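Have a look at what's on the screen, and then I'll talk you through it.

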Amino acid sequence: MYFDPRPKTSREDLFDREEEVERVKALRAPITLVLGLRRAGKSSVILVATSEMPHPVVYIDARRFEAEPYLTFKHVAEALGEALAQPMRRFPRLREYLKNVKGISVTGFEVKISWRERGSLVEVLEWLNRWAEEDGRKAVVVIDEAQELTKLKGYNLLKLLAYSYDNLRNVYFVLSGSKVGLLKKFLKLEDAGSPLYGRYVEAVELRPFTLEEAKRFLEEGCRQYGVSPPDAEKVYRAVGGLPGWLTYFGYTYVSVRGEEESIRQTVSYAVDLVRQEFAHFLEGRWAAEKRYRVIMEAAAECVAWSELKRAVEASEGRRINDAEITRLLKNLVDYGFLEKRGNLYCPPDPLIAAAFRKKYR
Ligand SMILES: Nc1ncnc2c1ncn2[C@@H]1O[C@H](COP(=O)(O)OP(=O)(O)OP(=O)(O)O)[C@@H](O)[C@H]1O
Ligand SMILES: [Mg+2]
């Protein structure tokens, strides 16, 4: 059912996205990135693709770390240990291989990785690689919302990725990110001094649905429930084309069956989520909090750089230097609160814009 609110795990519940699923499934490069705004369908595309792979999949949901101010090796070791249970269930012989890793204990299907053995992550990958090679498979490590790992202190994950990229021919990474700029900054693919410099990565972008796609999605979704569809243009105008919000609308619409009320609920829920994310973003940036707010409020209607500068200056009654404005805007773009469209800075989605408009405050 298209309107099931959980991330989709099977293809019949996933509308469209065939090409994207195929590209993830193909594992064309040692690292595949799945990029898209919040609610674009990243987890769904990855789950559908991996459910159709004949390979062991180690799935780490890094969003569990969202509220942590910083991460240590221990967090990662714990998450990896938990994530190994599922592939071991599916491929029991994998247990025998993983038992060889120093600092790992395997009881039944439970894996514990000692946080004292820092070499154990490389070793886990090496044994996964060896098993995969001998079994004629690939070992797939998914890190959903991988940008959360930028908060990891005292352990160089990039080196691990680069080592795996270059040496472990049967290990593949799929990394998703809703804060696209942040994920790219983390991977430092274009930084000559970085371990991953110059490596090709396959990037699969999940764009919002177009009006036509949204219309078909709503029509076919409603048909599954035997309910007549809403005015798709009106829904699209209010909630935009992100599949997550259309699904939320659809689910509400087929449950309570009021178009207006379902739009209202979707907008209100989305606005709350965006504000929560923005509050997270502002943590640790308190010195510039007011400036970020002024910029987002001004940019809700799409404006030019100079106008944003003027808005910040007006709010403080003094001149601000250009580099500071550029720095603030870059952060907002990296975190997906704004995007550049030609000369203008705009919220990438109508519901992000709505979260910063006065009438919702
Ligand atoms: N192509 C699709 N067809 C049907 N439903 C979809 C599709 N894409 C996403 N959804 C639905 O939209 C919602 C969000 O999807 P999902 O959780 O996969 O997105 P996400 O990008 O991982 O979101 P988040 O950034 O919040 O983690 C879920 O309810 C999911 O079922
Ligand atoms: Mg997700």
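Thr-247, for instance, sits in helix 11.

Now the housekeeping. This is a predicted model, with local features needing pLDDT of at least 70 and side-chain atom pairs counting only at pLDDT 80 or more, while totals for chains, interfaces and linings use all residues. Residues are numbered from 1 along each chain as its sequence is written, chains are lettered from A and ligands numbered from 1 in the order in which they are written, and side-chain values use heavy atoms, leaving out hydrogens and water.

Back to Thr-247. Is it buried or exposed? Buried, because its relative accessibility is 9%, and buried means under 20% relative accessible area, with exposed over 50% and partly exposed in between, using a 1.4 Å probe and protein chains only. Contact means heavy atoms within 4.5 Å. Leaving aside neighbours within four places in sequence, Thr-247 is in contact with Tyr-2, Phe-3, Asp-4, Pro-5, Lys-8 and Phe-217.

On to the ligand. Counting a residue as near if one of its heavy atoms lies within 4 Å, ligand 1 is surrounded by 25 residues, and the closest are Pro-5, Arg-6, Lys-8, Ser-44 and Arg-63. Helix 2 (42–51) and helix 11 (243–256) each supply at least two residues of that shell. By domain, with bounds from an automatic or database domain assignment, the shell draws at least three residues from each of domain 1 (17–205) and domain 2 (211–277).

Which oxygen contacts does the ligand make? For a polar contact we want a pair of N or O atoms within 3.5 Å; within protein, one must be able to donate a hydrogen and the other to accept it, and residues adjacent in sequence count only if both atoms are side-chain atoms. An oxygen of ligand 1 is 2.6 Å from a polar backbone atom of Arg-6. Ala-40 brings a backbone N or O atom to 3.2 Å from an oxygen of ligand 1. Taken alone, the ligand exposes 620 Å², and the protein buries 98% of that; those areas are Shrake-Rupley with a 1.4 Å probe.

Arg-38 and Arg-63 turn up again around Ser-178, which touches Gly-36, Leu-37, Arg-38, Lys-42, Arg-63, Glu-145 and Gln-147, not counting residues up to four places away in sequence. Ser-178 is in the loop between strand 6 (171–177) and helix 8 (180–187), and at 6% relative accessibility it counts as buried.

Glu-145, one of those partners, is worth a click. Its phi is near 60 degrees, a positive value in a residue other than glycine. Glu-145 lies in the loop between strand 5 (139–144) and helix 7 (157–167), and is buried at 3%. Asp-16 also has a phi near 60 degrees, but Asp-16 is in the segment before helix 1 (18–26) and is partly exposed at 25%.

Last stop, the domains. The assignment also gives domain 3 (284–360), and the centres of domain 1 and domain 3, over C-alpha atoms, are 34 Å apart.

How values were computed: Helix = DSSP H or I, 4+ residues; strand = E, 2+ residues; numbered from the N terminus.
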